[in-house]
Amino acid sequence: MNQPQHWYKALAGRQEIGNYRNLGINEEGVDFLSNDYLGMAGNKAFRQCLLELLNTSPELLSGATGSRLISGNSPICAEVEEFIAKKHQTESALLFPCGYKANLALFSCIAGRNQTILVDELVHRSVHDGCALSYAQKKKFRHNDINHLEYLLSRTTGSVFIAVESLYSMDGDFAPLEDIVTLAERYGAWVIVDEAHAVGVFGEGLVYRYNLQSRVLATVVTYGKAFGAQGAAVLGNRVLKEYLVNFASPFIYSTAMPDFQVLIISEAYKFLEAYPYLADELQYNIKYFRQHQIHSLSQSMSPVQVVQFPVKENLYKAVQELKQQKINVYPILSPTVKEGEERLRITLHQFNSITEIDELARIIKNNL
């Protein structure tokens, strides 16, 4: 069968500019690449908890059989949502199979015609895709720029929603959440916070840590990173949950999560509460890496540390040497970033050893 010609042109264009993607198998080696910040995905004690749960209740492996509104709303799902809401001290939680779908559902329906969603320019693609499905106008403000956000707020009429991440995964910096929320309150705007890379790393997240639950419209937490699981939840008041159940198409028309996947989330919460030192060990490794005096674009407590290479050839050399030592990192190259701003995205984990961090730092320093 002949394929549409524009497919070939689009793929060739990607290859030409260096943005072509393909699916590779994870290489063995030292992990400075994944989002498994606390090592939960490979934690043997956590796996044992899940195995015991499964052995006592093998029926948990069954599928959900339908959407939540038809046949998929099990007692377990409802109980875990109540458990999550209580953990975050919010009125409600609504589960989704992943963070992408949670943001797609939320931003596709929260705003309508003659309303505006202001998004940080570095917010996750899922937010932009959700906005594209809505009838609202979307405007970008410069990354973490309170002054530019206020400028847009002062010149925008009608209902306004503000979308930010608490921790930005590609730059490793934090949103000034308290300042953003205070500014939004001054203009009568609503704030939505994506906590995908902060929850677990910082307990129940930064919205919880700063006691902002009642001052933000919604919080999105995901479980595929620090929790080592799968899924996401939208947190907020009961009206928000009712609204999403009635108007969020990605929720309404999707098969529910299986009960075992749902229970893994609650078990992960309990496990992290029982082993708080996992987050402490992660922070120790972050601090240790930064003691090597390698200039990072990221903030001091972020598990994502970004090191910029002014000379592109030096970055290539570093990546090659790291690969030879079986150290896995993520290079960000032009044209993804501007020429001369090529960088390494380093993800630190609880399980990284001092020796591994030393070797990583040595190779980076030798090539900067």
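Predicted model: local features only at pLDDT ≥ 70, side-chain atom pairs only at ≥ 80, totals over all residues.
Me: What makes a residue part of the lining, and which residues line the largest cavity?

Reply: A lining residue has an atom within 4 Å of a cavity point. For the largest cavity, the residues that qualify include R68, C77, F96, K101, F251 and M257. β2 (92-96) and α10 (249-252) each supply at least two of its lining residues.

Me: How do the residues of that lining divide into nonpolar, polar and charged?

Reply: Eight are nonpolar, two polar and two charged. Here Ala, Val, Leu, Ile, Met, Phe, Trp, Tyr, Cys and Pro count as nonpolar, Asp, Glu, Lys and Arg as charged, and the others, Gly among them, as polar.

Me: Which residues lie nearest the centre of the second largest cavity?

Reply: T90, V207, Q213, T219 and L235, out of 13 lining residues. That lining divides into six nonpolar, five polar and two charged.

Me: Why is helix α5 called largely enclosed by the rest of the structure?

Reply: Buried means under 20% relative accessible area (1.4 Å probe, protein chains only). Six of the eight residues of α5 (residues 125-132) are buried, so the helix counts as largely enclosed. The buried ones are S126, V127, H128, D129, G130 and C131.

Me: What covers the buried residues of α5?

Reply: The cover includes α4 (99-109), β3 (116-120), β4 (137-141) and β5 (160-165). Contact means heavy atoms within 4.5 Å. Helices (H or I, at least four residues) and strands (E, at least two) are DSSP runs, numbered from the N terminus.

Me: What makes β5 and β8 a pair?

Reply: Two strands pair if DSSP finds at least two bridges between them. β5 and β8 (residues 190-194) have five, in the parallel sense, so they pass that test. F161 stands opposite W190 in β8.

Me: In what order do the seven strands of the open sheet come?

Reply: β2-β10-β9-β8-β5-β3-β4, with mixed pairing. β2 and β4 are called edge strands because each pairs on one side only. The twist averages 20° from one strand to the next, with axes fitted to C-alpha atoms (for helices over the stretch in contact) and angles running from 0 to 180 degrees between N-to-C directions.

Me: Which strands does helix α3 lie across?

Reply: α3 (residues 75-88) lies across β2, β9 and β10, at about 125° to β2. α5 also packs on the sheet, touching β3, β4 and β5, and its direction makes about 165° with that of β3.

Me: What is the order of the open sheet of three strands?

Reply: β11-β14-β13, with antiparallel pairing. Its edge strands are β11 (304-308) and β13 (330-332). Five bridges join β11 to β14 (residues 343-347), and Q305 stands opposite I346 in β14.

Technical notes. Residues numbered from 1 in each chain as written. Heavy atoms only, no water. 1 Å grid on protein atoms, 1.4 Å probe; cavity = no way out; pocket = protein on both sides within 12 Å on 5 of 7 lines; lining within 4 Å. Buried < 20%, exposed > 50% of the residue type's maximum accessible area, 1.4 Å probe, protein only.
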